[in-house]
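Take a walk through this structure, one part at a time. Keep the sequence and the 3D view side by side as you read.

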Amino acid sequence: MPIIHKNVNYNCRVIIHNKKILLIRPKMWLANDGNYRELRYFTPWTRHRQWEDHYLPRIIQAVTGQIKVPFGDAVISTLDTCIGVELCEELFTPASPHILMGLDGVEIFTNSSGSHHELRKLHRRIDLIKEATQKLGGIYLYANQQGCDGDRLYYDGCAMIAVNGDIIAQGSQFSLNDVEVVTATIDIEDVRAHRTKSSRNMQATTTERYHRIEVGFSLSGGKFREVQDVFEEGLEVRFRVRYHTPEEEIKLGPACWLWDYLRRSRTQGYFLPLSGGIDSCATAVIVYSMCNLVADAANRGDKQVIADARRIAGEPSDSSYIPSNPREFANRVFHTCYMGTENSSAETRRRAKELAGAIGSYHVDMNMDAVVRSIYDLFTFVTSFKPRFRVHGGSDRENLALQNIQARLRMVLSYLFAQLLPWVRGRDGGLLVLGSANVDESLRGYLTKYDCSSADLNPIGAVSKVDLKKFIIHARENFDLPILESFINAIPTAELEPITETYVQGDEADMGMTYDELSVLGRLRKIEKCGPYSMFTKLVREWGSVFSPTQIAEKVKLFYFEYARNRHKMTTITPSYHAENYSPDDNRFDLRPFLYPARFPWQFKKIDQIAAALPDRSRRGPGQDKTKTE
């Protein structure tokens, strides 16, 4: 909790026992990058292993009967062990507090964390906890926030207990529960046995001591009955840590986030423009996953979920309504719409309709050619000019403008239908509009500003196309949705240009690179901190057997050219579930300029020079010897 100590704001952990405050422990290492800006509000406690008196506000004095309490970096000493505090980011730092605490005899480390979900992140979190207790010996109690924070992050819970490098208890990672409690019975003597190592003990004798706050209670029972209960129940044994696959994480994480957002915003459901492509398909399946989670919780008798579902579904006073069927619940809260034009295909229209039927959404199918034509006719009337598509002899500028008319009108129609569809169905309230642009398209700028990518929320905005396709394959079997097979094999297309005998618009052809390549380029830009030149030098080694240096140079230059000229679109991007650490979200995570020199002249020149001088290894025969330059 936030505490003001000597007129300074600190982010603190408050240790309480029997209505008495034992210790206020301020956070020493603050998270101040990526999604976090703790230094906006708080100051770190820099006086390590030091403490002083904190005078309590009178309103707290009246409750606890205390005037002052210890404030600072100290530990709790019970009758049978010693307990220390580590806070969130401190576990992830190179010199974590648990190291010196463990050397000074602290046996139990507690961590109240706010660690958000990212795909494949749980492995890192568990590895850090296991390593913390493997080298030092000790017990690690890790509690993590669970739920939506009212922003782009979802905290995935997964509370854990570790002993000497082994996880012995683990909570669920994705759940609609507001609170989960994880318990384990352990033998403290295991920690002491683990620490009987000469090198560890030599370091321990030179360690500066922590101030110990002594309290007169113990964690272990001393009575025969309590000891007998432990032996009858048995101590916790080593068990296998549960990890979700990335496909399961996509299925569960954004679904929990959407449910939290829906119940807290007090709206009546979601509206999704369903295009018949894999991105909007993935968004729809995630909403269906949310409905499955709600139905599962309702069937278990979760009173909070049932109450929220009744209110959202428009049945707040119907005590008999239980959202036990996910398709029935989806029909109440999920609305989809296919917005076709003369450039749309019968295949995408069919896929959208069949998917909506399979998951149970309330579906609307319409043609919007009349609206598009009215905008076109207005422009022609005002200017006397008639823009044409490229396939009809028009310029690239005309072609793009005509595509954008369709795209932006879909955004306008989405909000119209989101506001009025509940009214059409005789219900109160409105719907939240969902977007479905993936992280690679946002990074490349392959979207129209203020088109259907502009929405209230986007559950896949930080998920790569590669992972989305794997998720759809998983969902096909997991949710028994055979219709998803047709989405998996479909060629990604925006369907904004006329289809002819010789031309069908394709996303990867439009972008000049594949989605697989975009994922690699995105990770190098954000995670590896690469600019154009360093990205090229890395890719020459990684892609050298597939592409020539000149081809790699062209791909890198095209990527940075498009990234730079489209970066401004990230200033208005829809709030998205944060799932990847190469997300280009400009509002909170990826704070970079939105005006760049599109050509990067110095870097591009150096890339061309090196590419021209490097040998082409992409066509090397299987028996050819490797040279020293490789």
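The buried residues of helix 18 are covered by several elements, including helix 14 (439-444), helix 15 (465-478), helix 17 (507-511), helix 19 (532-542) and helix 20 (549-566). Buried here means under 20% relative accessible area, exposed means over 50%, and partly exposed lies in between (1.4 Å probe, protein chains only). Helices (H or I, at least four residues) and strands (E, at least two) are DSSP runs, numbered from the N terminus. This is a predicted model, where local features need pLDDT of at least 70 and side-chain atom pairs count only at pLDDT 80 or more, while totals for chains, interfaces and linings use all residues. Residues are numbered from 1 along each chain as its sequence is written, and side-chain values use heavy atoms, with hydrogens and water left out.

Helix 18 itself spans residues 515-526. Nine of its twelve residues are buried, so the helix is mostly covered. Among the buried ones are Y515, E517, L518, R525 and K526. From first C-alpha to last, helix 18 reaches 17 Å, close to the 16 Å expected at 1.5 Å a residue. That expected span is 1.5 Å times one less than the number of residues.

Now step back to the whole chain. The protein chain holds 21 helices and 18 strands. Its C-alpha atoms fill a box of roughly 90 × 75 × 50 Å, taken along the principal axes. Of its 630 residues, 53% are buried. Contact means heavy atoms within 4.5 Å. Among contacts with a separation of 6 or more, 71% are between residues 24 or more positions apart.

Four strands form an open sheet in the order 17-16-15-18, with parallel pairing. Strand 17 (362-367) and strand 18 (432-433) stand at the edges, each with a single partner strand, so one side of each has no neighbour in the sheet. Two strands pair if DSSP finds at least two bridges between them. Strand 15 (residues 270-273) is joined to strand 18 by two bridges. In this pair, F271 stands opposite V433.

Which residues have the most contacts inside the largest nonpolar core? They are W259 and M290, in a core of 61 residues. A nonpolar core is a set of buried Ala, Val, Leu, Ile, Met, Phe, Trp, Tyr and Cys residues joined through side-chain atoms within 4.5 Å. Helix 8 (residues 278-299) gives the largest share of this core, 13 residues. Leaving out residues up to four places away in sequence, W259 touches L176, M290, V294, V305, D308, A309, I312 and F329. Another core lies apart from the largest one, with 27 residues, among them Y446, M511, L539 and F604.

Helix 8 also holds S289. Is S289 buried or exposed? It counts as buried, because its relative accessibility is 2%. S289 touches K251, A255 and F479, not counting residues up to four places away in sequence.

D104 sits elsewhere, in the loop between helix 2 (97-103) and strand 8 (108-113). At 15% relative accessibility, D104 counts as buried. Beyond four places in sequence, D104 touches T207, E208, R209, Y210 and R212.
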